[in-house]
Every structure is written in C-alpha cells, then in structure tokens.
Amino acid sequence: MPAHSASRGAKRPLKTLERVISKAGLGSRTEARQWIATGRVRVNGKTIQTPDYWVDFACDRVTLDGKPVHAGKKLYLLLYKPKGYLTAYKDPESRPTVYDLTTGVDAWVFPVGRLDLDTSGLLILTNDSQFAERLTNPEYKVPKTYQVKASTLLTDEQIDHLRRGVTLNDGPTRPAIVKRLRDTAKYTFLEVTLTEGRNRQVRRMLEAVGSKVLKLVRTAIGPVKIGELPIGTHRPLTGEEVRQLSLRK
Ligand code: URA
C-alpha cells in the first residue's frame, strides 16, 4: 500500500482510484485506467496517473476533467445538440463539442450514443453507465425518432424499402417506422423511427434508396420528446422519464 494511505490509518474505507471511477458508474475499469494514465484525473487537486493509488472517498476529492466524481449521485441530462458540435470530449481540430454546452454541470457526465457533427437534436448525458448501456444496446430496442429532409422527392416504393429494411455494408437494417411528413417541389420530409443505432444509420439508409440526407434532427428517444427545449440548452430528465427509459425492453 502506498505511503499516501498508510499515513491516514487503516480504518477508512479505501479504494483504488481506478475502482472509485468505475464504481461511480462513469465507465469500465479499462476506461478508468486510460483516463488516469492520460492525466485527466486529480485527487485533491493533484494529477494522479497511477490506477492503484489508494483513495479515501469519505474525504478525498476526486475529479475527472476538473468535474467532481460523485460516489452515488446519478445525473441524467437531456441536451438539444445543435449541428456543428461534436459528440466527443476533445477534438484534435479544436471544433466545439457537446461539453462546451454543459459547462455549468457540476459532475462528470458522458453522452449516451452519438449524434453526427451535422445532426442536431436530443442527446442524453449521464454518469450512469448501466442506464447508458440499456439505451444503446440494440437488444433493448429503445426507439429513436428522427426528422429527415431528403435531397430528392421519394416515391412510395423508396419509403416502403426504408420501412422493410435496406442492406448496408454492416448488414440489413431492422424494419423501421417511416412516415412521409410532406413533400415540397423538390424534397420529401420524413419521420423515421429506428430501434438500433448504427453509425450514420439514417444517412446510409437514405443513400441505399438513392437519395441523401440534407437535414437530420433527433426529436425523441423512447417516450422523451424534444418539446420546447431551446436548441443548445439542456435540462435534467424527470424521474418519470428516467424510470420509463430504464424499464424499456
Ligand atoms: N443517423 C445518422 O445518420 N446520424 C446520426 O447522427 C444519427 C442517426
């Protein structure tokens, strides 16, 4: 045991830094080790890069990227991501990220799934990795709804094809709910609900039927809708919303 903890007596409930972070629900132990190794974790203001550093959670202040790591308190946020923001912690090209929109949040949260740079709409951020797993694991079939502006007018056959499932390079897509919202002289607007969340899935589906996505907005995740939330802002999920999303199967 390092001198650090020995000096404070053996009665305190000590845990390794790696375990403190993974137990807080932020990610796996492997991820925790990476964050520690890359200098993102501090204990009482000092960067610690040793995963088996002993921590007394009763009195030590642990932060990840400067935000406190809380032992038990779970946080669930709903962000209306504008286009032009990356769903990532840091960008080598210094583009804005969703963390630039959550600066007032006093705990470390991570995005549940990902929206492309050019996609806007609902994104959940949390520090509850089990909850995140339920929302992203396709087995749980949590529906995600998107409004889509296609680059062309779509025929009924093209829309039926999207409904039945198209073949992408990573396999066929599941049947989807696809509604024609309206047509203008040049474009079709659709609402698409998927129960899986593959990389760039809506964009690739539209390409598979010979069109393209011009605009993509995620408007709902399960029963949680975008409502009146102003773009670029966030709000906590209500207890009822967390419950409904946790129960879905
Ligand atoms: N489908 C996409 O193509 N992009 C997203 O960001 C989300 C779903």
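**Cavity, pockets and domains in the predicted model**

The largest cavity holds about 40 Å³ of space. Here a cavity is a set of points, on a 1 Å grid over the protein atoms alone, where a 1.4 Å probe fits but cannot get out. A volume is the space filled by probe spheres set on the points, with grid points joined across faces, edges and corners. The model is predicted: local features need pLDDT of at least 70, side-chain atom pairs count only at pLDDT 80 or more, and totals for chains, interfaces and linings use all residues. Residues are numbered from 1 along each chain as its sequence is written, and side-chain values use heavy atoms, leaving out hydrogens and water.

A search of the whole structure finds one cavity of 30 Å³ or more. Ala24, Leu26, Pro68, Val69, His70, Ala107, Trp108 and Asn127 line the largest cavity; lining residues have an atom within 4 Å of a point. Six of these lining residues are nonpolar, two are polar and none is charged. Ala, Val, Leu, Ile, Met, Phe, Trp, Tyr, Cys and Pro count as nonpolar, Asp, Glu, Lys and Arg as charged, and the others, Gly among them, as polar.

The chain is assigned domain 1 (13–68), domain 2 (76–138 + 224–246) and domain 3 (143–221). These bounds come from an automatic or database domain assignment. The C-alpha centres of domain 1 and domain 3 lie 42 Å apart. Domain 1 and domain 2 each give at least three residues to the lining of the largest cavity.

The largest pocket has a volume of about 410 Å³. A pocket is an open set of points with protein on both sides within 12 Å along at least five of seven lines. Its lining has 27 residues; Arg114, Tyr146, Gly197, Arg198 and Arg218 lie nearest the centre. Ten of the lining residues are nonpolar, eight polar and nine charged. Domain 2 and domain 3 each supply at least three. Helix 4 (129–136), strand 10 (144–150), helix 6 (201–208) and strand 15 (213–221) each supply at least two. Helices (H or I, at least four residues) and strands (E, at least two) are DSSP runs, numbered from the N terminus.

The second largest pocket has a volume of about 240 Å³. It is lined by 17 residues, and Leu26, Glu31, Trp35, Phe110 and Pro111 are the closest to its centre. Helix 3 (29–37), strand 8 (110–111) and helix 4 each give two or more residues to this lining. Helix 4 gives the most, with three. The lining has ten nonpolar, five polar and two charged residues. Domain 1 and domain 2 each contribute at least three residues to the lining of this second largest pocket.
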